[in-house]
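Below is a structure to go through by question and answer.

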Amino acid sequence: MYYLDATNLINDNELKKIALSIKKGKLALFPTETVYGIGTNGLDQNAVKKIYDIKGRNFNNPINLLVNSMEMVEMLAQNITNLEYKLMKAFFPGPFTLILKKKPIVPSIITAGSDTVGIRMPNNEIAKKLIQYSKVPIAAPSANISGRPSGTKLEDILDDFSDKIDFAINSGATNLGMESTIVKVINNIAHILRPGNITPEQIKKVAGNVIIETSHLPSDHLKHYQLNTRTTLVYSKDKNKMIEKIKSIAKNYKNPIILSFFEDCDYYHTTKIIDIGSKYNLQEVSKNLFSNLKKAEKIKSDIILIEGIKKQGLGLAIMNRLLNVCNGNFIEI
Ligand code: TXA
Ligand code: MG
């Protein structure tokens, strides 16, 4: 594997070389503004198959394509409606994936045999340049073994892939830290299939209406973001009730860890605590969420207890991820 350090400077010539290899079907770990992706030429089905293999990804779970222009969108998708154009105009480039009707050029391995394709235009210098220099759409799921948390820092995921990929580009922690919002327009109404940084409120402003339908992804029956330690999520609108509940569960364990919002950290006296950031700065909470989960799992413990948050604004996306993490162990009081 060839490692490129781009934490300070982005070396264009190096990126060009990597982009040309991607075009030829080599695999690269690289940053986007949301999470790290594992990418290859999205038009090369043999290359895409390698991504499924090394992630252990179910072939029924389609992979999105990253593009850098509307021309590329139109090369891949057809029958694009006015509302779809409007959404792309508003949110491309950015943490936004739109599910569109695919053209025949898109290999069926990308779409898991369906007639739609997920397209995103990332807003990250390195990702943009890789697409620009390779001149192909890059197939790029999140860079994690299927079922494990996404990677927002290269060091969190490199060990899982270093002997299976050709390139790894390190640019430090990603800006946003949570995967893109996925939207599909159905009967001329925008449906959010996965909440993310672009909130329902923002989409409603552009689309006039929005439906949140977060259990309709092809991957929704699969497990996501699983940690090696048992995890329970607790939420109550009443902060004191939430804290008391977490404390009472913690008592039953030898070595509990609590992931607490900054404002509540002081209420937990006896146990190990990871401060996940302020309730009033959910951007920061999102940015660090996956690395905080990984940090918690590295500490030896018998339970990870996590504070929940109101499903509003970015809180919706954060709770979506945490509900997956805790795998049904959710207590709402
Ligand atoms: O921010 C992101 O979207 C990151 C970065 C790397 O771009 N990528 C990412 O990819 O999160 P992945 O593969 O981990 O998640 C993509 C989701 C999957 O749940 C998949 O089922 C869904 O998008 N998806 C892909 N193509 C689809 C399609 N044609 N129809 C419905 N869902 C689709
Ligand atoms: Mg993923």
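**Backbone, ligand shell and helix packing**

Tyr225 sits in the loop that connects β12 (210–212) with β13 (231–235). The model discussed here is predicted.

Q: What is the phi of Tyr225, which is not a glycine?
A: Tyr225 belongs to the loop between β12 and β13. Although Tyr225 is not a glycine, its phi is positive, at about 55 degrees.

Q: Which loop holds Pro93, and what is omega for the peptide bond from Phe92 to Pro93?
A: Pro93 is found in the loop between α4 and β6. The peptide bond that joins Phe92 to Pro93 is cis, and its omega is near -10 degrees.

Q: How many residues surround ligand 1, and how many of the shell are charged?
A: Ligand 1 is surrounded by 26 residues, with Thr34, Asn61, Ser142, Ser180 and Ser219 the closest. By class, the shell has 11 nonpolar and 11 polar residues, and the charged ones number 4.

Q: Which atom of ligand 1 lies 3.3 Å from a polar side-chain atom of Asn64?
A: The side chain of Asn61 has an N or O atom 2.6 Å from an oxygen atom of ligand 1. For Ser219, a polar side-chain atom is 2.6 Å from an oxygen atom of the ligand. In the case of Asn64, the ligand atom at 3.3 Å is a nitrogen.

Q: Which element gives the largest share of the shell around ligand 1?
A: Two or more residues of the shell come from each of β3 (36–41), β6 (96–102) and β7 (116–120). The largest share is 4 residues, and it comes from β7.

Q: Are α10 and α11 roughly parallel or oblique to each other?
A: The axes of α10 (residues 282–298) and α11 (residues 314–326) come within 10 Å and cross at roughly 15 degrees. Their crossing is left-handed. Angles under 35 degrees count as roughly parallel, so α10 and α11 are roughly parallel.

Q: What is the angle between α4 and α8, and is the crossing left-handed or right-handed?
A: α4 (residues 82–91) packs against α8 (residues 200–207) with the axes 10 Å apart, at an angle of about 130 degrees. That angle makes α4 oblique to α8. The crossing in which α4 passes α8 is right-handed.

Conventions. Residues numbered from 1 in each chain as written. Chains lettered and ligands numbered in written order. Predicted model: local features only at pLDDT ≥ 70, side-chain atom pairs only at ≥ 80, totals over all residues. Heavy atoms only, no water. Near = heavy atom within 4 Å. Polar contact = N/O pair within 3.5 Å; in protein donor to acceptor, adjacent residues only side chain to side chain. Nonpolar A, V, L, I, M, F, W, Y, C, P; charged D, E, K, R; others polar. Axes fitted to C-alpha atoms, helices over the stretch in contact; angles between N-to-C directions. Parallel < 35°, antiparallel > 145°, perpendicular 65-115°, else oblique. Left-handed = near helix turned anticlockwise from the far one by under 90°.
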